[in-house]
Amino acid sequence: MDVEAVRSFVRAAELGRLQHAADELGVTQQGVSKRIATLERELGVRLFIRTARGVELTVDGQVFLPHARGIVADVERALTAVRPGSRALRIDVLGLRSAQAVVLHDYWRAHPEIALDVVTIRADDPRVAVAAVRAGEVDASFRTVTDPAGLPPAVHMIHAFDSPLEVLVGPRHPLARVAADGTGTLTPSQLRRHRIRVPGIAARSEWAVFYDQLAAEFDLCIDAAGPNFGNEVLLDVLADSAEVATLVGARDRYLWPPTHDLRRIPIRGPALVYPISLLFAGTRPHPALRAITRHCRSLAPAPEPAWRPIWATTP
């Protein structure tokens, strides 16, 4: 089996676009497409469905993906064994516009000499990330296991940094006018009775537990009904709506057209804090990981007073 074909399949699955995989692997999109087509013929199954937005895994692709990751990881470990110190630090983030990715990018800009490989494991269940760390597929993962007692002894979890939440609304939303009172902030009580749209809250995910506790604590209406069409669609909805708001992390990167005129409003009294954790192998962690954790600890702390979920590890 062609290892580069398997690697191309894994990166295309993780990034969702053949062109993005090609850019990362340093080949043409046609080259990646040919590799995957050859792999599909060899396996006798279709691995992807091509869509207007990129590629999506078939059922067979979903079954093959963890095995493919294992193949790539085994090859990388074999290369590392004969080329000590040559392997990049491989870290999983929730998304390339997430606070974790922004923090890593800031660190890399200050230390461009570090060999860093930022990936996204496409799974909502943090136990999948735990398995990837344990198997050596990634060196670390910015995921949280809300019941730390369920962690295997080989995987450790520490608090990385706090991500205070902000309200994101369109210009016609009542909360945009409330926040214009001179303080430029909102309190959790001011969010009550407003529809807070948070699509993509998946069962067993850390954010499902977070939003359940948040809604119960502050009597908030968190609306996760219906399919998740992505951030771009949600931003369009916010721009046109006088009723829908959403919550975003203060460091999360969102981009929208100037005509949307969206407003990001900090929450205070208390601040609502999403604690971000880091999973890593307890034995022989990558030597570059220590510098990353130091950088995370150097970030500005969340405003106080602050509310955190009950599963938050101690900062």
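**Salt bridges, cavities and a pocket**

Analyst: E14 is buried, with a relative accessible area of 4%; buried means under 20%, exposed over 50% and partly exposed in between, using a 1.4 Å probe and protein chains only. Keep in mind that this is a predicted model, where local features need pLDDT of at least 70, side-chain atom pairs count only at pLDDT 80 or more, and totals for chains, interfaces and linings use all residues. Residues are numbered from 1 along each chain as its sequence is written, and side-chain values use heavy atoms, with hydrogens and water left out.

User: OK, which side chain does E14 meet in a salt bridge?

Analyst: R69, at 3.1 Å from N to O. The rule for a salt bridge is a side-chain nitrogen of Lys or Arg within 4 Å of a carboxyl oxygen of Asp or Glu.

User: Give me a couple of others.

Analyst: R127 pairs with D125 at 2.7 Å, N to O. R127 is partly exposed at 48%, while D125 counts as buried at 16%. Then D261 and R263 meet at 2.8 Å; D261 is partly exposed at 35%, and so is R263 at 30%.

User: Switching topic: how many cavities of 30 Å³ or more are there?

Analyst: Two. On a 1 Å grid over the protein atoms alone, a cavity is a set of points where a 1.4 Å probe fits but cannot get out, a pocket is an open set with protein on both sides within 12 Å along at least five of seven lines, and lining residues have an atom within 4 Å of a point.

User: What lines the largest cavity?

Analyst: V10, E14, R69, V72, A73, E76, R90, I121, A132, E137 and V138. So E14 and R69 turn up again, since lining residues are picked by that distance. The elements giving two or more residues are α1 (3–15) and α4, with α4 supplying the largest share, four. The space in this cavity is about 90 Å³, a volume being what is filled by probe spheres set on the grid points, which are joined across faces, edges and corners.

User: And the second largest cavity?

Analyst: About 40 Å³ of space lies there. F142, I158, H159, A160, L278, I292, T293, C296 and R297 line it. Both β6 (155–169) and α10 (289–297) supply at least two lining residues, and the largest share, four, comes from α10.

User: Last one: which residues are closest to the centre of the second largest pocket?

Analyst: Its volume is about 640 Å³, and R87, D139, R284, P285 and H286 are the closest to the centre among 25 lining residues. Two or more residues each come from α4 (59–82), β3 (89–92) and α6 (126–135). The largest share, four residues, is from α4.
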